[in-house]
Amino acid sequence: MLETNVPSYPFGNDGLDPLLPHFAENGDGVGQVRLPTGQLAFLFTRHDHIRELLRSPDFSSDFTRPGFPLIRPLAEDMPRPDGSLIRMDPPEHTKFRRLLTPEFMIKNMRPLEPLIRQTVVDAIERLRAAGQPADLVEHFALPVPSMVICHLLGVPYADHDYFQECSRTLLAWKTPPEQARAAIEDLRAYLAGLVDKRMREPGDDLISRLATERLATGELTVDELVGLSTLLLIAGHETTSNMLGLSTMVLLQHPDQLRQLRERPELVDDTVEELLRYLTIVRTGLTRVAVNDTVVGGHALKAGDGVIALLSAANRDSDVFREEEFDLHRGSHQHMAFGFGIHQCIGQPLARAELRIALGELFTRLPALALAVDPADVEYRDAVVFGVQRLPVTW
C-alpha cells in the first residue's frame with residue numbers, strides 16, 4: 001500500500017461512533033494506519049475479516065515479537081510480565097486459560113448474583129444520599145464492579161482508591177511510558193503482598209484457591225499468579241464500570257426503548273447484548289502480528305506485519321447488523337464486544353450478570369432517572385477503554 005496520506009491511529013474517543021476514516025467505509029474494510037511509534041499497521045474493520053483474523057494461528061498476541069503494532073510506546077526494555085494472559089500464545093496461553101475458565105463459567109456466576117444485586121441496591125442508596133445532581137460514575141458505575149471483583153478475587157475493597165488510580169494511570173493515553181511502567185510495577189507489588197497473605201491465611205476467593213491449589217503443584221509461580229490477578233483486577237472493574245455509565249446514557253437518550261424495557265423486564269438480556277454491540281468500549285481494537293505469510297479477507301500479509309482488528313467497526317458492519325442505530329430488539333448475538341477466538345474475554349459471564357442486574361435495578365428503583373447535562377456536554381475518557389468521565393444525573 002502507498003504510505004502517503006496514511007491516517008494516524010488511534011483516531012480518538014470523542015463520541016459514540018467508531019470514528020473511521022474513509023477507507024473503512026469504502027466496502028474494502030482494510031486500510032493502513034500510522035501508529036504513535038511511527039510504525040505502519042493494517043487496520044481491519046469488517047466483521048468477517050476480523051473473525052477470520054482472530055481465529056487464525058498465523059497471528060501472535062505477544063508484544064515482544066518483532067513487528068508487533070504498539071498503539072503507544074512502551075518503557076525501554078519493557079518485558080512481557082509473567083501471567084499476562086492476553087499477551088500469550090498457545091500452548092502457554094492454553095495452560096493458563098484452563099486454570100481460570102472454571103472460575104468464570106456461567107454456573108459459577110449464578111451463586112454470585114445475590115451479592116451483585118445487593119451491591120447494586122446499596123450503591124443506588126448511596127447515589128440517593130449524595131443528593132441531586134449526582135455523578136453516576138462516582139457513586140454507581142465505578143463502585144459496583146469494583147466491589148464485585150474485589151469479592152471474587154479476595155482484594156480488600158478498602159484499597160479501591162489505590163488500584164483504581166493505578167488503573168487510570170495505566171490506561172490513559174497521555175501517561176508517559178516510564179510512569180505507566182511504575183504504575184504496573186506498584187500494582188504487581190501490592191498484589192504480590194496479597195498473594196503472600198492468602199497463602200498463609202486463605203479465604204473463599206479466587207486468589208486463595210489458586211495460591212493454595214496451584215502454587216504447591218507447580219502449575220503456577222508466584223509471579224504468574226500476580227500477573228493473572230493484576231489482569232483480572234484491572235479488567236474486572238474498568239470495562240464494566242465504563243459500560244454501566246455509557247449504557248445508562250444511551251438508554252436515557254432512547255426513551256421509547258427504555259419504556260419498553262421497564263414494561264418488559266425480560267428484554268434486559270437482549271438490551272445488554274445490543275448495548276455491548278453498540279458501544280464496544282475497547283475502541284482501540286485488538287493488536288496482533290503475523291508470524292507467517294498469510295491471507296485475510298483476500299489481503300496478503302507477510303510475517304512481521306502488524307494488524308489491528310477494530311471491533312467497534314465490526315460491530316457496526318452493515319452486512320451483519322443492517323441499521324447501525326441502537327435497537328434493543330435486534331438480537332445482537334453476533335457481536336464481538338468481548339473479542340473472538342482463543343482470547344475472547346474470559347470474564348464475560350460476570351460482565352453480563354453485572355450489567356443485567358445493575359441496569360434492571362437502576363431503572364426500576366429510579367424510574368425518573370434523567371441526565372442533568374446536555375449529552376453534547378458529556379466528556380469522554382481519553383483512555384484505552386472508552387467511557388465517560390462523569391455522568392451527572394437526577395431522579
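Colleague: Is Phe11 buried, exposed or partly exposed?

Modeller: Phe11 is partly exposed, at a relative accessible area of 26%. Buried means under 20% relative accessible area, exposed over 50%, and partly exposed in between, with a 1.4 Å probe and protein chains only. This is a predicted model, where local features need pLDDT of at least 70 and side-chain atom pairs count only at pLDDT 80 or more, while totals for chains, interfaces and linings use all residues. Residues are numbered from 1 along each chain as its sequence is written, and side-chain values use heavy atoms, with hydrogens and water left out.

Colleague: How many aromatic pairs are there?

Modeller: Four, from a search of the whole structure. Rings of Phe, Tyr and Trp (its six-membered ring) pair if their centres lie within 6.5 Å; planes under 30 degrees apart are stacked, over 60 edge-to-face, and the rest tilted. One of the four is Tyr9 with Phe11, edge-to-face at 4.8 Å centre to centre and 85 degrees between the planes. Tyr9 counts as buried, at 3% relative accessibility. Tyr380 and Phe386 also pair, stacked at 5.3 Å centre to centre with 15 degrees between the planes.

Colleague: What lies over the face of Phe386?

Modeller: Arg283, at 4.0 Å from the ring centre. The rule is NZ of Lys or CZ of Arg within 6 Å of the ring centre and within 35 degrees of the ring normal. Phe386 is buried, and so is Tyr380. Elsewhere, the charged end of Arg316 sits over the ring of Tyr278, 4.4 Å from its centre.

Colleague: Tyr278 is in α12, then. How many residues of α12 are buried?

Modeller: 10 of the 12, so α12 is largely enclosed by the rest of the structure. Tyr278 is one of them, and the others include Glu273, Glu274 and Arg277. Helices (H or I, at least four residues) and strands (E, at least two) are DSSP runs, numbered from the N terminus.

Colleague: What do they pack against?

Modeller: α10 (222-252), α11 (255-263), α14 (318-321) and α15 (348-365), with contact meaning heavy atoms within 4.5 Å. Just after α12, Thr280 has a positive phi of about 40 degrees.

Colleague: Now the sheet. What is the strand order?

Modeller: β1-β2-β8-β5-β3, an open sheet of five strands with mixed pairing. Two strands pair if DSSP finds at least two bridges between them. β1 (30-34) and β3 (59-60) are at the edges with a single partner strand each, so one side of each has no neighbour in the sheet.

Colleague: Which residue in β5 is the bridge partner of Phe59?

Modeller: Ala290. β3 pairs with β5 (residues 286-290) in the antiparallel sense, over two bridges.
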